[in-house]
Amino acid sequence: YCAHQIRLKGADDGDALFSDIYRAVLWPELVQSRHGSWAEQKSRYNTTILPDGTKLKDYWDNERYPYRIFKTHYSPRESGGLLPVTDNPQLKFIACARNGMDVLASLVNFFSGHTDDFRRLWGGFPPRSTGRWEVDAER
């Protein structure tokens, strides 16, 4: 959300263009099936029509945006990861870190947001949450 607001320079209607992090910011390594590929995922980002009839592409590649934002958990090649940071000096990279307890709290919401169809596709993962991370951590 913060990167989205920076991208729009705090425009008054910035919130109206933001409905969900996974629409506004692409996450390339989050494939939608166990056998998915980046090529398939890229195609979906460009062709998916959402239930309300809008195009997914309009949320992440909106004509109002001066640049695109990608979320990733990948690290730079220089540290053994995949991101070609030094190969692309024209690109800007922002690295963020969070308190571990905040990460655990957000995992409950993240896992709870998955549908039963998604869980079946991934062999039951992620497990259904009780909504309380203290209880889920004991399972």
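These legends walk through some close-up views of a predicted model. Local features need pLDDT of at least 70 and side-chain atom pairs count only at pLDDT 80 or more, while totals for chains, interfaces and linings use all residues. Residues are numbered from 1 along each chain as its sequence is written, and side-chain values use heavy atoms, with hydrogens and water left out.

**View 1. Y45 meets W60 edge-to-face.** Rings of Phe, Tyr and Trp (its six-membered ring) pair if their centres lie within 6.5 Å; planes under 30 degrees apart are stacked, over 60 edge-to-face, the rest tilted. That rule gives 2 aromatic pairs. Here the centres are 6.4 Å apart and the planes sit at 65 degrees, so this one is edge-to-face. Y45 belongs to helix α3 (residues 38-47) and W60 to helix α4 (residues 57-60), so the pair ties together parts 15 residues apart in sequence. Helices are DSSP runs (H or I, at least four residues), numbered from the N terminus. Y45 is buried at 8% relative accessible area, and W60 is buried at 6%. Buried means under 20%, exposed over 50%, partly exposed in between (1.4 Å probe, protein chains only).

**View 2. F118 and W122 make a tilted pair.** Centre to centre it's 6.0 Å, with 35 degrees between the planes. W122 is partly exposed, at 26% relative accessible area.

**View 3. Two charges sit over rings.** To qualify, NZ of Lys or CZ of Arg must be within 6 Å of the ring centre and within 35 degrees of the ring normal. R7 has its charged end 3.7 Å from the centre of the Y65 ring. K71 lies over the face of W27, 4.3 Å from the ring centre.

Definitions and conventions. Helices (H or I, at least four residues) and strands (E, at least two) are DSSP runs, numbered from the N terminus.
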